[in-house]
Amino acid sequence: MKVAIIGGGISGIITSIGLSENGHEVHLFEKTSSLGGRIKSKEKQGTIFDVGFHVLHTGYSTVKRWIDTDAISHHKMHPSSILFTPSTQKSKLVGDVFSAPSTLIGSATSISPFNALRLLKWRMRNKKSDDVRDKNSRKPIDIGFTEHGFSESFQKEFLKPLFAGITLSEERLESIEFADFIWGVMSKAPIILPKNGMMSVIKHLEDRMENVAINLDCEIQNISSTEITIHGEKQAFDKVVIATEQNTTSQILELDLEGEERTTRTYIYKTKHNPIKKLQIMLNSEYNSATSPFVHVHSPTALSDTDNHLLVATLIGTPSREENWELADKNMSKWFPNEFADFEQFSSTFISHALPNSSIEGSPRIPLEVDGLLIAGDHTNHPSLHGAILSAEKVIKSIGGV
Ligand SMILES: Cc1cc2nc3c(=O)[nH]c(=O)nc-3n(C[C@H](O)[C@H](O)[C@H](O)COP(=O)(O)OP(=O)(O)OC[C@H]3O[C@@H](n4cnc5c(N)ncnc54)[C@H](O)[C@@H]3O)c2cc1C
């Protein structure tokens, strides 16, 4: 079959690899000048950094099926987070004592036995699940945290900022089943950070695309189930797959999806005196978009042998919309009063429509097939790399071998 795939993010890439390896004639169209979509790294003065805080969960079964993580040079994230309180400069540790027994003492003094037991129960219950249990659930994450028995203070200090960072939503507008799944994945296997940025995951997949006709700088319009318009000219296909992000797909299909647009911005500093010594996140236990807006800070170079470390401070939601180095400097000088004088503003990144709106807000998920068009993308599933790859696997299965 001659198949057109519109969109060169991870779902379009996996769909094109799967179909071309099944003998189909695959044409991939991407509107920008490179593949990867929301998985994006940049380079400045020889330094590579990611657009947004992005990691690779090796616990996803889809990652095991499609990505040879051994072939990608990477560091493992330390299985712990520092809960940092900017106003008092106090730090606590929450670690996964199974993966890193050395965090036992630090964690035991930080979390009450009551919450520690609940974390353990949460882990045991979800470690085996391979996907989000009930994708149509509309039970919000925060209600689920309370039903799971976590204390209010532990939710505020740890769970809420952690999942605001994961969902890129100040109100964590996802279902508790999504949070359950992600917690299980995080307990199952290491989280890794490629040394040359998340883009190296895309480069690794590109090696399997030799039989795919890749068309970059190609924004597709006038899409029907058998015809698309490429630079003003119509071309016919046996099947057309739309693998664009939620807002574009809903425009193409003329659907009216409402909800918060998820945005995120990072401010990246260079410093010779890195205050973060491990590959872990410093989570803001006082996170509040108005009063203490940075959800976390991390250093992707913490394990690298370099004199110039990167320190990445992440904003989500409203405060992330406009670039404001003054806001970043004001907050980072409070977080790191002893080291800030040495910080050099290096770069900032921004991404709009960073994640799809969830079903919590009432947006129905778009089905696999609409008017003969096949639909892939994280928004058809849930907002993660796993959700995006699962959607691609569904499309591959529905078209089948030649
Ligand atoms: C900052 C950030 C951090 C994240 N962190 C994580 C994480 O740690 N773990 C995790 O599991 N997930 C994470 N995610 C989510 C994950 O990156 C996405 O779910 C996934 O990349 C979505 O892939 P996709 O193929 O569905 O969509 P996209 O990557 O958005 O791909 C869609 C593509 O379609 C192209 N396109 C649009 N319109 C047209 C057109 N008309 N013609 C041709 N091409 C078109 C776009 O340019 C784009 O390349 C993160 C996302 C962001 C933004």
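A: Let us begin with contacts: two residues are in contact if their C-beta atoms, placed from the backbone, lie within 7 Å. By that rule, and not counting residues up to four places away in sequence, Val3 touches Leu19, His24, Glu25, Val26, Phe237, Asp238, Lys239, Val241 and Ile399. This is a predicted model, in which local features need pLDDT of at least 70, side-chain atom pairs count only at pLDDT 80 or more, and totals for chains, interfaces and linings use all residues. Residues are numbered from 1 along each chain as its sequence is written.

Q: Which element does Val3 lie in?

A: Helices (H or I, at least four residues) and strands (E, at least two) are DSSP runs, numbered from the N terminus. Val3 lies in strand S1, and Ala4 has its place in that strand too, which covers residues 2–6. The protein chain has 11 helices and 20 strands.

Q: Is Val3 buried or exposed?

A: The idea is to count neighbours: a residue is buried if 20 or more other C-beta atoms, placed from the backbone, lie within 10 Å of its own, exposed if 12 or fewer, and partly exposed in between. Val3 is buried because 22 other C-beta atoms lie within 10 Å. Ala4 has 25 C-beta neighbours inside 10 Å, so Ala4 counts as buried. In the protein chain, buried residues make up 47% of the 402 residues.

Q: How far apart are Val3 and Asp238 in sequence and in space?

A: They are 235 residues apart in sequence and 6.0 Å apart in space, C-alpha to C-alpha. Ala4 and Phe237 are separated by 233 residues in sequence and by 6.4 Å in space, again C-alpha to C-alpha. Beyond its neighbours within four places in sequence, Ala4 is in contact with His27, Phe29, Ile228, Phe237, Val240 and Val241. Across the protein chain, among contacts with a separation of 6 or more, 71% are between residues 24 or more positions apart.

Q: What does Thr271 touch?

A: Thr271 is found in strand S14 (residues 264–271). Not counting residues up to four places away in sequence, Thr271 touches His309, Leu311, Glu339, Asp342, Phe343 and Glu344. Thr271 and Glu344 are 73 residues apart in sequence, with 6.3 Å between their C-alpha atoms. Thr271 is buried because 22 other C-beta atoms lie within 10 Å.

Q: How do I read the way H1 and H11 cross?

A: Axes are lines fitted to C-alpha atoms, for helices over the stretch in contact, and angles run from 0 to 180 degrees between N-to-C directions. The axes of H1 and H11 come within 8 Å and cross at roughly 35°. The contact is made by Ile10, Ser11, Ile14, Thr15, Gly18 and Leu19 of H1, together with Leu385, Ala388, Ile389, Ser391, Ala392, Val395, Ile396 and Ile399 of H11.

Q: Which classes of residue make the contact of H1 with H11?

A: For classes, Ala, Val, Leu, Ile, Met, Phe, Trp, Tyr, Cys and Pro count as nonpolar, Asp, Glu, Lys and Arg as charged, and the others, Gly among them, as polar. The contact of H1 with H11 has 10 nonpolar, four polar and no charged residues.

Q: Which residues come nearest to the ligand?

A: A residue is near a molecule or strand if its C-beta atom, placed from the backbone, lies within 6 Å of it. Of the 35 residues around the ligand, Gly7, Gly9, Ser11, Gly37 and Gly52 come nearest. Helix H1 (10–21) and helix H11 (385–399) are the elements that give two or more residues to this shell. By class, the shell has 13 nonpolar, 16 polar and six charged residues.

Q: What about phi in Gln89 and Leu168?

A: Both are residues other than glycine with a positive phi, near 65° for Gln89 and near 55° for Leu168. Gln89 lies in the loop between strand S7 (80–85) and strand S8 (90–95), while Leu168 is found in the loop between helix H6 (152–167) and helix H7 (176–188). Gln89 counts as exposed because it has 12 C-beta neighbours inside 10 Å. Leu168 is buried, with 24 other C-beta atoms within 10 Å.
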